[in-house]
Amino acid sequence: MRGGDFEQDLSDMQAGPTPVWRRPHSLVSAFFNGSRLFQLAGADADLLRQGGSDSGVETDGLHAWMNSPMIEGDYIYGICSYGQLRCLRLSAGERVWETQAVTREKTRNASAFMVRNDDRYFINDDRGELIIARITPSGYSEISRAVLIRPTSTPGARRELGL
């Protein structure tokens, strides 16, 4: 590793989601430590950028915890620690936009899982909803939303469901 100690860079993160790899980058994210972006080349890994926040609340980049982010071109899309869907510019790390539209409530551990299909994303949220949306560098555009299954237990800090 040229940019530091790779094992040490990862061991103090307490990462939850599966790391994302999109040649030549690997993105690892965690609730408190934010994300770290590595550039991989053969056996070498350079740490290109890491989040500047160690808070799950005052976040700077992407603090994905329950789900794995996606790298599409020069953009990263992911659900942050309080349910915010965020778009970050891969090359610079800055936030391009953020929306609470997917999870609706800004509450700890709100989550959704995304799968890309052509120009749309299929998103399954923790309310049992399936959302079909377009996610681009210019924003989030919901196409449809349907309830597939209703939660059968109180979702912790989530209040809006009224269970």
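Asp-118 counts as exposed, at 62% relative accessibility, where exposed means over 50% relative accessible area, buried under 20% and partly exposed in between (1.4 Å probe, protein chains only). The structure is a predicted model, in which local features need pLDDT of at least 70 and side-chain atom pairs count only at pLDDT 80 or more, whereas totals for chains, interfaces and linings use all residues. Residues are numbered from 1 along each chain as its sequence is written, and side-chain values use heavy atoms, with hydrogens and water left out.

Asp-118 is located in the loop between β9 and β10 (120–125), and its phi is positive, near 60 degrees. Most residues other than glycine have a negative phi. A positive phi, near 70 degrees, is also found at Arg-104, in the loop that runs between β8 (95–99) and β9 (112–117). Arg-104 is partly exposed, its relative accessible area being 37%.

The chain as a whole contains one helix and twelve strands, taken as DSSP runs numbered from the N terminus (helices: H or I, at least four residues; strands: E, at least two). In sequence order the pattern is α-β-β-β-β-β-β-β-β-β-β-β-β. Of the 163 residues in the chain, 43% are buried. Contacts were defined by heavy atoms within 4.5 Å; among those between residues at least 6 apart in sequence, 41% join residues at least 24 apart. The accessible surface of the chain amounts to about 8,400 Å², and carbon and sulfur atoms contribute 49% of this area.

Key. Areas by Shrake-Rupley, 256 points an atom, 1.4 Å probe, with all protein chains shown as cover.
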